[in-house]
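Student: I would like to go through a structure and ask what stands behind each label. Please set the values against the definitions.

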Amino acid sequence: MKNKAIALLATCFFVLAASVCLASAGPETINLKEKFDVKGNKQAVIFPHHRHQEKLECTKCHSTDKGGALKVHISKTTGFGNDFHKKFCWPCHVERKVPKGKSCGTCHHK
Ligand code: HEC
Ligand code: HEC
Ligand code: HEC
């Protein structure tokens, strides 16, 4: 009984610490179409930001461990050959062998 209570307390503390920690880590999800003012008819990509933080260090994508500018400069945002595909999202998904990491529906949800 006592052990259970302690385990519960420990869990709560952990969850609380994690949520406080993530609160300073930027948005949970980011609508990239809106954020980068992308023109086109594809469904907007809602980027699961916190999910990436669980698996990767901030500096895989950002210039510092607090966030800041992206390391990859996104200049071309239109068409299939855009910089998200070519320079940012796809290369890492290929490197990390993310299942269906290049399938359209993985990122462009209906
Ligand atoms: C897989 C790539 C990736 C990782 C890893 C990642 N981020 Fe981000 N983050 C992004 C993208 C993409 C954006 C949206 C574009 C932007 O704001 O420049 C963003 C936006 C942010 C923003 C909001 C910036 C704004 O102007 O609204 C903050 C804060 C942030 N990230 C912090 C972090 C922190 C802290 C970590 C590590 C705990 C982290 N990010 C890990 C890709 C990533
Ligand atoms: C530095 C490496 C890296 C970058 C850059 C990156 N990703 Fe990922 N992404 C991953 C990894 C690793 C996973 C698998 C995470 C997991 O298993 O929870 C993932 C998973 C995802 C998923 C979830 C797939 C599923 O199974 O539900 C989506 C959606 C996604 N990424 C979108 C993006 C988009 C959009 C970008 C570019 C804006 C991007 N990612 C950039 C490493 C990256
Ligand atoms: C790893 C994530 C990811 C995958 C997989 C992906 N895209 Fe994208 N794509 C993006 C991001 C991010 C943008 C820019 C933001 C946005 O449009 O919401 C984008 C933008 C686009 C654009 C330009 C904008 C527009 O609306 O015309 C086209 C076209 C596009 N993607 C087609 C595709 C097709 C076709 C596939 C499948 C072969 C695909 N994408 C797979 C992330 C992805």
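Student: How do the residues of the shell around ligand 2 divide into nonpolar, polar and charged?

Tutor: Twelve are nonpolar, three polar and four charged. Ala, Val, Leu, Ile, Met, Phe, Trp, Tyr, Cys and Pro count as nonpolar, Asp, Glu, Lys and Arg as charged, and the others, Gly among them, as polar. This is a predicted model, in which local features need pLDDT of at least 70 and side-chain atom pairs count only at pLDDT 80 or more, while totals for chains, interfaces and linings use all residues. Residues are numbered from 1 along each chain as its sequence is written, and chains are lettered from A and ligands numbered from 1 in the order in which they are written.

Student: What makes a residue part of the surroundings of a ligand?

Tutor: Its C-beta atom, placed from the backbone, has to lie within 6 Å of the molecule. For ligand 2, 19 residues surround the ligand, and the closest are Lys-60, Cys-89, Cys-92, Arg-96 and Val-98. Two or more residues each come from strand S2 (46–48), helix H3 (49–55), helix H4 (83–95) and helix H5 (104–107). Helices (H or I, at least four residues) and strands (E, at least two) are DSSP runs, numbered from the N terminus.

Student: Which element gives the most to the shell around ligand 2?

Tutor: H4 does, with five residues. H4 also gives the most around ligand 3, again with five residues.

Student: Which residues come nearest to ligand 3?

Tutor: Lys-33, Gly-40, Lys-42, Cys-104 and Cys-107, out of 23 residues around this ligand. Helix H2 (32–35), H4 and H5 give two or more residues to that shell. Ten of its residues are nonpolar, ten polar and three charged.

Student: And which come nearest to ligand 1?

Tutor: Gly-26, His-52, Cys-58, Cys-61 and Gly-67, of 16 residues around ligand 1. H3 and strand S4 (67–70) give two or more residues, and H3 gives the most, with three. The shell holds seven nonpolar, six polar and three charged residues.

Student: Why is Lys-97 called exposed?

Tutor: A residue is exposed if 12 or fewer other C-beta atoms, placed from the backbone, lie within 10 Å of its own, buried if 20 or more do, and partly exposed in between. Lys-97 has 7 other C-beta atoms within 10 Å, so Lys-97 is exposed. Its place is in the loop between H4 and H5, and its phi is near 55 degrees, a positive value in a residue other than glycine.

Student: How do you know that Lys-100 counts as exposed?

Tutor: Lys-100 has 10 C-beta neighbours inside 10 Å and therefore counts as exposed. Lys-100 lies in the loop between H4 and H5 and has a positive phi of about 55 degrees although it is not a glycine.
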